[in-house]
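Here is a short briefing to read alongside the structure. Take a moment to look over the fold, and then let us walk through it together.

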Amino acid sequence: MGTSVFYFVATLSVFFALMVVFAKNPIHSVLYLILTFFTFTVHYILLNAQFLAVVNFIVYMGAIMVLFLFVLMLLNLNKQNEPNKSTLLRVIGVIAGGCLAVTLIGSLKSVAIADPLVLKNPSLGLVENLGKELFGPFMLPFELSSLLLLSAMVGAVLLTKKEEKTNG
């Protein structure tokens, strides 16, 4: 059961990744990228890494991909604005694609199908264990990094704030 789910999700991952590359519309390409990241989230859940699954879901799908989608919508890309590609760029693209195909074929030849990995410790990727490590021996570095991020955020706000002109 577990291996069939893995192969189904892996097939979906490869399909959506190919659709990212081959989609004509950039908006559709970003939407396929969101679906690809969702299949990665499913892979993390199958690997018993719930924290990575949640972070992937929130950070990549929720924030970065939505940002990409808004940027593409604001750019208003269409065929009239896109310049014609020169033949040199097309030849370079074909050569790069050929190199990628040779690399993929070489890596597929060296892959051997093996039995799925069974973890000796089933609670290895749980959020509870990560919390025990972060708030145990790594409490001081964790708090120092939060202070560093806070000071960077305050610095960014102060740098972008416009100064008011005085009338005197």
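What pattern does the chain follow, read along the sequence? The answer is α-α-α-α-α-α, with six helices and zero strands. Please keep in mind that this is a predicted model.

**The chain as a whole**

- Of the 168 residues in the chain, 12% are buried.
- The accessible surface comes to about 14,000 Å², and carbon and sulfur atoms account for 74% of that surface.
- If you take the contacts between residues at least 6 apart in sequence, 59% of them join residues at least 24 apart.

**A nonpolar patch on the surface**

- Have a look at the surface for a nonpolar patch with about 910 Å² of accessible area together; among its residues are Phe 38, Phe 51, Leu 52, Val 59, Tyr 60, Val 127 and Leu 130.
- Helix 3 (50-75) and helix 5 (127-134) are the elements that give two or more residues to this patch.
- Helix 3 gives the most, with eight residues.
- One of the patch residues, Val 59, sits in helix 3.
- Val 59 has a relative accessible area of 37%, so it counts as partly exposed, since that value falls between the 20% and 50% cut-offs.

- Thr 41 belongs to helix 2, which spans residues 26-46.
- Is Thr 41 buried or exposed? Its relative accessible area is 6%, so Thr 41 is buried; the cut-off for that label is under 20%.
- Leaving aside residues up to four places away in sequence, Thr 41 touches Ala 53, Asn 56, Phe 57 and Met 61.
- One of these neighbours, Phe 57, is also listed in the nonpolar patch.

**Aromatic pairs**

- How many aromatic pairs does a search of the whole structure find? The search finds six.
- The rings of Phe 6 and Tyr 7 have their centres 5.5 Å apart, and the pair is edge-to-face because the planes lie at 65°, with over 60 degrees being the cut-off for that geometry.
- Phe 6 is partly exposed, at 38% relative accessibility, and Tyr 7 is likewise partly exposed, with a relative accessible area of 45%.
- Elsewhere, ring pairs link Phe 15, Phe 16 and Tyr 32 into a cluster.

How values were computed. Residues are numbered from 1 along each chain as its sequence is written. This is a predicted model: local features need pLDDT of at least 70, side-chain atom pairs count only at pLDDT 80 or more; totals for chains, interfaces and linings use all residues. Side-chain values use heavy atoms; hydrogens and water are left out. Helices (H or I, at least four residues) and strands (E, at least two) are DSSP runs, numbered from the N terminus. Buried means under 20% relative accessible area, exposed over 50%, partly exposed in between (1.4 Å probe, protein chains only). Contact means heavy atoms within 4.5 Å. Accessible areas come from the Shrake-Rupley method with a 1.4 Å probe; for residues, only the protein chains shown count as cover. Patches are made of residues with over 30% relative accessible area and no salt bridge: like charges are joined within 9 Å, nonpolar side chains (Val, Leu, Ile, Met, Phe, Trp, Tyr) within 5 Å. A salt bridge is a side-chain nitrogen of Lys or Arg within 4 Å of a carboxyl oxygen of Asp or Glu. Rings of Phe, Tyr and Trp (its six-membered ring) pair if their centres lie within 6.5 Å; planes under 30 degrees apart count as stacked, over 60 as edge-to-face and the rest as tilted.
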